[in-house]
Amino acid sequence: RESDHRAWTPVTYTVTRQNATIQGLIQGKAYFFRIAAENIIGMGPFTETTKEILIREPITVPDRPEDLEVKAVTKNSVTLTWNPPKYNGGSDITMYVLESRLIGKDKFHKVTKEKMLDRKFTVEGLKEGDTYEYRVSACNIVGQGKPSFCTKPITCKDEIAPPTLDLDFRDKLIVRVGEAFSLTGRYSGKPAPKVTWLKDDIVLKEDDRIKIKTTPTTLCLGILKSVREDTGRYCVTVENSTGSRKGFCQVNVVDRPSPPVGPVVFDEVFKDHMVVSWKPPLDDGGSEITNYIIEKKDTHKDLWMPVTSATVKTTCKIPKLLEGREYQIRIYAENLYGISDPLISDEMKAKDRFRVPDAPEQPIVKDVTKDSAVVVWNKPYDGGKPITNYIVEKKETMATRWVKATKDPIFPGTKFKVPDLLEGCQYEFRVSAENEIGVGDPSPPSKPIFARDPIAKPSPPVNPEAVDKTKNSVDLSWQPPRHDGNGKIIGYLIEYQKVGDEEWKQANLTADSCPETNYKVTGLTEGLTYKFRVKAVNAAGESDPAHVPDPVEVKDRLEPPELILDANMAREQHVKAGDTLRLSAVIKGVPFPKVTWKKEDREVSPKADIEVTGVGSKLEIRNTVHEDGGIYSLTVENPAGSKTVSVKVVVLDKPGPPRNLNVSDVRSDSCYLTWMEPEDDGGSVITNYVVERKDVASAQWVAISSSSKKRSHMAKYLMEGTQYLFRVAAENQYGRGPYVETLKPIKAIDPLHPPGPPKNLHHVDVDKTEVSLVWNRPDRDGGAEITGYLVEYQEDGADEWTKFQTVPMLDCVVTGL
């Protein structure tokens with residue numbers, strides 16, 4: 001019967017054995033069974049099963065586990081994983097048993113702990129370098145099943161794996177300004193790699209906008225509220241000890257452009273239209289400018305009118321203007337992401353603005369012969385009116401006057417063959433353009449050319465020879481080539497060869513570094529023998545070489561110094577102050593002597609320029625002053641001896657100020673000036689003195705003598721009572737020296753003296769206590785008006801006079817007697 005039913009169901013057949021197979025049961029249901037024995041008498045009692053029996057497949061041990069894999073190996077551990085058996089034997093897996101065997105041993109040893117159901121296990125505490133193999137078995141209630149297949153032998157050592165990088169972004173990314181963007185990916189590697197983010201080769205660091213997140217397997221760079229400056233090449237580097245991987249992304253943060261760059265240039269202005277131009281925006285917003293929008297506005301109105309919104313050029317014609325009105329132009333730049341702020345022009349009046357053509361650029365001269373040359377130029381701006389003629393002019397370089405090359409018109413071609421040149425003369429050419437307004441400015445002159453036929457290479461130099469030598473140099477000399485190939489000799493190339501060598505070396509790299517017919521070859525080795533050769537060079541190329549006949553042994557030749565004085569090294573040298581003093585001499589001697597300049601046995605002034613060349617020496621002092629005078633000496637010295645010469649230099653200058661200016665004998669109309677000669681006469685005789693005076697109330701000095709050779713002067717014609725200043729300067733042939741001035745003003749008045757005695761004093765009346773006196777004026781008033789008369793009286797026989805009073809008139813009554 002079924003365990004949940006009470007009714008028993010007979011099995012369909014009778015058995016005689018002590019076992020039976022019951023068919024037709026339903027899997028998963030539980031049943032009770034009973035059995036009774038039967039004989040011919042009848043059936044005995046039933047015997048029941050003690051507990052219900054669940055119908056299911058028979059239980060066995062599990063199959064072997066599958067896919068045993070090694071996931072990680074270090075020097076002291078191994079990590080393994082596996083999958084369950086395909087069949088668990090009819091009963092749940094209760095645990096797994098992992099076993100290991102050291103290679104070389106026979107037995108497997110259990111390594112897992114009791115009741116382990118995880119399918120991952122790390123075996124630790126292993127010895128570095130040992131090799132093991134592993135197997136795993138599954139257990140259920142029946143028991144332990146077959147072990148899995150063994151792993152391959154595993155040696156304990158640190159596992160390394162180069163980095164891998166799997167990116168979620170493409171090579172290029174476009175982002176609008178203000179939006180956020182992120183760059184993500186996955187990576188791996190052993191040991192765990194280091195992740196670095198860079199932008200344009202600069203390491204990125206986190207801040208308010210930049211976020212970097214890295215897990216053991218993923219990486220992410222996020223940027224919030226992007227700005228134009230975030231544009232760049234981003235790079236992520238994943239690196240460990242085994243190597244590195246890089247990923248790149250060019251991020252372009254785009255925005256509307258910045259405004260076009262001004263100012264707006266009015267290239268052409270006419271009464272009904274204008275042509276304007278401008279420069280592109282400094283920042284195109286990261287996207288190509290697709291369009292410029294141009295608008296115009298009459299300054300008397302507030303309305304902006306469209307001109308065009310479909311041009312990518314940075315120039316535009318503004319049509320339909322009213323003559324005499326003033327206009328402003330407004331320009332926007334546009335890209336895929338928007339329209340910029342505008343650029344607004346200055347005001348411009350619409351009116352015709354024609355002018356003569358511009359000057360052409362510097363013309364080019366080609367195909368020169370001895371009597372002609374072809375001048376080529378570019379067409380200039382025509383000033384608003386078409387060009388009708390070109391004027392070509394020629395001029396000899398040293399001349400000042402330009403001459404027309406032809407009277408015939410030259411148009412429309414921009415080249416002209418100029419005829420009638422003089423062979424050997426040097427010419428310049430210039431071009432002017434003409435329209436109906438007039439003739440424009442001429443172009444800059446062309447580069448000068450010589451009228452001569454094309455040139456060939458020159459013949460070799462003549463008679464090269466070694467004329468001098470030292471321990472490391474040889475001086476060569478030669479004559480110019482017999483034929484210069486119709487071209488000026490630019491210079492010479494000198495080559496030398498050590499005897500025994502095959503290679504010729506260059507002593508100078510360019511011909512123009514040796515324009516003369518001599519050259520010092522330096523840097524040679526003492527005691528060796530050299531060969532030398534010389535080539536001439538013109539514009540067509542190098543001549544064949546001319547050889548110095550005999551090899552030269554390089555060694556010093558001793559010659560004592562020799563000085564050949566120039567005219568400016570005579571015994572005495574006079575130079576005017578402010579001019580340049582030049583002292584020079586030719587110097588000879590082998591080896592070239594050491595040169596020393598001195599003044600009064602001391603170093604010369606730092607303002608002196610001293611130049612020493614291979615043939616002489618020069619001392620130069622610009623803007624000389626009186627103190628630059630003195631005895632200058634030049635000494636030359638080499639191992640063979642020395643030589644010294646001296647010259648007295650006198651710097652001629654204006655004299656110094658006169659000394660001790662004194663004013664004496666002052667009168668109402670004159671005074672007497674005296675002074676002493678200057679301490680410094682400037683190196684030249686005092687020719688005269690200049691005397692000037694000035695009324696203190698005036699700003700102007702007045703000359704009262706300019707030719708006096710004496711050191712005194714009577715200043716006449718003064719105005720009585722006026723205060724004067726006086727000054728004196730000395731002159732010689734080199735000019736007038738500084739003035740010396742009186743220290744304080746001099747007043748023009750006669751010197752004052754006491755007046756003479758009154759005359760004819762007598763009494764005219766007498767009383768008992770008073771006397772009336774009268775008298776006459778004195779003969780002289782002492783140089784000033786008489787202000788009064790002092791009356792005194794004396795008692796007869798007394799010694800003292802008693803003052804009575806001072807009276808203004810010629811009479812007085814003395815009272816109180």
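Colleague: What volume does the second largest pocket have?
Modeller: Please keep in mind that this is a predicted model. For the second largest pocket, the computed volume is about 420 Å³.

Colleague: Which residues of its lining are the closest to the centre of the second largest pocket?
Modeller: The lining of the second largest pocket is made up of 16 residues, and by class these are six nonpolar, five polar and five charged. Those closest to the centre are Asp468, Asp475, Lys520, Gly614 and Val615.

Colleague: Which element gives the largest share of the lining of the second largest pocket?
Modeller: Two or more lining residues come from each of the strands E38 (462-469), E39 (474-479), E42 (518-521) and E49 (581-590). The largest share is four residues, and the strand that gives them is E49.

Colleague: Which residues does the UniProt annotation "domain: Ig-like" cover?
Modeller: Over one span, residues 163-252, the chain is 0% helix and 64% strand, with the end C-alpha atoms 28 Å apart. Over another, residues 561-646, it is 0% helix and 62% strand, and the end C-alpha atoms lie 16 Å apart. According to the unreviewed UniProt entry, the annotation covers residues 163-252 and 561-646.

Colleague: Why is the protein described as more spread out than a compact globule?
Modeller: The protein has zero helices and 69 strands. For 817 residues the globule rule gives 28 Å, and the protein is more spread out than a compact globule because its radius of gyration is well over that value, at 62 Å.

Definitions and conventions: Residues numbered from 1 in each chain as written. Predicted model: local features only at pLDDT ≥ 70, side-chain atom pairs only at ≥ 80, totals over all residues. Heavy atoms only, no water. 1 Å grid on protein atoms, 1.4 Å probe; cavity = no way out; pocket = protein on both sides within 12 Å on 5 of 7 lines; lining within 4 Å. Points joined across faces, edges and corners; volume = space filled by probe spheres on them. Nonpolar A, V, L, I, M, F, W, Y, C, P; charged D, E, K, R; others polar. UniProt positions renumbered as here; feature names shortened; annotations may be inferred. Rg over C-alpha atoms; globule rule 2.2 N^0.38 Å.
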